[in-house]
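Good morning, and thank you for coming.

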Amino acid sequence: SRVSGGNMLEISRTPNRSDNEVTVGMVSTFPPTRCGIARFASTFIEAMSSTYPNIRFEVVRLRRWGEVPFAARPVVMEIDPNIPVSIRAAARRLGRYDVAIVQHEFGIYGEDDGASVVDLVSAIPVPCIVVLHTVIPDPTPRQLDIIKRLGKESSVLVALCQSAADLLEEKYSVPAEKIEVIPHGTNWTPQAPNDPPRRRLITWGLLGPGKGIERALLAVARLKDLDPPVNYRIVGRTHPVVLARSGKSYREMLEGMVRDLELENVVEFVDRYLDEPELMELVRTSDLVVVPYDNHVQVSSGVIADAVGLGRPVVATRFPHAVEMLGDGAGEVVDHDPEALAQAIRRLLEDPNRYVEATKLAAAGSEKLNWVTVAGQYAHLIQDLAPALATA
């Protein structure tokens, strides 16, 4: 049966379990929401369920205002994090499981930097893993307080890269024994590079200010002399928040830049949400992934994880996850400058030996990112918190 009230929807079921089964309740955005964390959570559950079938997952979905309700499994409850009664109901629901997992990013838990997540985690009566998709080097006082309190109230904080773990210790005073480093997983596996490279560049994800597309266009304009010429695909819909606030004006601005820079025969916009196989095929047929973000502090990038997983070199602006993932030569990390971005792209495209070496290093780094490997790390963590778990 469904119990509905206000912006909260719950399917009232008590998990049935076998003797060796462990149940996990996860709080996250989730499809049909289209965002990086929703994709992460969905892929995470698919990987865990296929590799460890005795770990059963159900989801408390964070639903944005105006989104269509969705109550098919594994979603068993939907909440609006701005409403205290929803937070309390979610905590009670999560008390039915052996372990809770909370996906965290400041933008998904509502007002005040999503401070309601602290109320949620502190009220969950079972061991709780908080996966931190953002760890900011220079947080506001409120952001600092939220992460510090999550460190105290949760059983474990998962950092998606070592630099994030270091920040948690140094800036947020989280004890090292409460931190686990588990990388962002990917289902993509290395594919042979295109022979010869066709100088196809690709950037993908929801479009909006901060993604650095303007910088990438200025960089590509500096590569007009290359022969054969560069082709640059920009794949993704406009971010729904950007669309709600300013309509198509941001995308129209980018299209205007393309015209002003005389890149109409170089740049292609793919203005739709691609499913996984179609996106992977577009990236496979590309030669180089461009990640031109404005962000200086990002500690998790699914785009970089997927690119490396597929064995494609990446040119990225400098932020912690890019430095950590690409520092061994699987691409290049540059300053937030169009000229630096252009020169890095040029170096990789014009030097076949350098390009081949970068593809090999990307492919070599993919093994630790494979979702089977990542799922194993989470399974061990869940086992530590729920000793009844029988290893699959």
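This is a predicted model: local features need pLDDT of at least 70, side-chain atom pairs count only at pLDDT 80 or more; totals for chains, interfaces and linings use all residues.

Let us begin with helix 10, which runs over residues 276-284. Which residues of helix 10 are buried? They are Leu 279, Leu 282 and Val 283. Those three cover an arc of only 100 degrees around the axis, and therefore they sit on the same side of helix 10.

I turn now to two single residues. Ala 219 belongs to helix 7, residues 213-221. Is Ala 219 buried or exposed? Its relative accessibility is 0%, so Ala 219 counts as buried. If we set aside the neighbours within four places in sequence, Ala 219 is in contact with Pro 338, Leu 341 and Ala 342. For another view of where Ala 219 lies, consider Gln 143, which is 76 residues away from Ala 219 along the chain. The C-alpha atoms of these two residues, Ala 219 and Gln 143, are separated by 34 Å.

The other residue is Glu 21, found in the loop between strand 2 (8-11) and strand 3. Glu 21 is buried because its relative accessible area is 11%, and the cut-off for buried is under 20%. With which side chain does the side chain of Glu 21 make a polar contact? The partner is the side chain of Arg 56, at 3.1 Å.

Next come the empty spaces. Rolling a probe the size of a water molecule over the atoms shows where empty space is left. How many cavities of 30 Å³ or more does the structure hold? It holds two.

The largest cavity contains about 70 Å³ of space. Its lining includes Arg 39, Phe 40 and Thr 43, as well as His 184, Glu 276, Asp 306 and Trp 371. Helix 1 (36-51) and helix 11 are the elements that give two or more residues to this lining. The largest share comes from helix 1, with three residues. Sorted by class, the lining of the largest cavity has two nonpolar, six polar and three charged residues.

The second largest cavity holds about 40 Å³. Among the residues that line the second largest cavity are Thr 203, Trp 204, Lys 211, Val 235 and Tyr 293. Here the classes are six nonpolar, two polar and one charged.

There is also a pocket to consider. The second largest pocket has about 200 Å³ of space. Of the 13 residues that line this pocket, Pro 31, Arg 39, Ser 42, Thr 43 and Tyr 273 lie nearest its centre. Helix 1 gives the most to the lining of the second largest pocket, with five residues. That lining divides into five nonpolar, four polar and four charged residues.

I come last to the backbone. Most residues other than glycine have a negative phi, and most peptide bonds are trans.

Two cis peptide bonds deserve mention. The bond from Pro 31 to Pro 32 is cis, with omega near 15 degrees, and Pro 32 lies in the loop between strand 3 (22-28) and helix 1. Asp 227 and Pro 228 are also joined by a cis peptide bond, with omega about 5 degrees. Pro 228 is in the loop between helix 7 and strand 11.

Asp 113, in helix 3 (residues 111-114), has a phi near 60 degrees. Because its relative accessibility is 21%, Asp 113 counts as partly exposed. Ser 173 has a phi near 60 degrees too, and its place is in the loop between helix 6 (162-170) and strand 9 (179-181). At 52% relative accessibility, Ser 173 counts as exposed.

Thank you for your attention.

Note on methods. Residues are numbered from 1 along each chain as its sequence is written. Side-chain values use heavy atoms; hydrogens and water are left out. Buried means under 20% relative accessible area, exposed over 50%, partly exposed in between (1.4 Å probe, protein chains only). Helices (H or I, at least four residues) and strands (E, at least two) are DSSP runs, numbered from the N terminus. The arc is that of the directions from the helix axis to the C-beta atoms. Contact means heavy atoms within 4.5 Å. On a 1 Å grid over the protein atoms alone, a cavity is a set of points where a 1.4 Å probe fits but cannot get out, and a pocket is an open set with protein on both sides within 12 Å along at least five of seven lines; lining residues have an atom within 4 Å of a point. Grid points are joined across faces, edges and corners, and a volume is the space filled by probe spheres set on the points. Ala, Val, Leu, Ile, Met, Phe, Trp, Tyr, Cys and Pro count as nonpolar, Asp, Glu, Lys and Arg as charged, and the others, Gly among them, as polar. A polar contact is a pair of N or O atoms within 3.5 Å; within protein, one must be able to donate a hydrogen and the other to accept it, and residues adjacent in sequence count only if both atoms are side-chain atoms.
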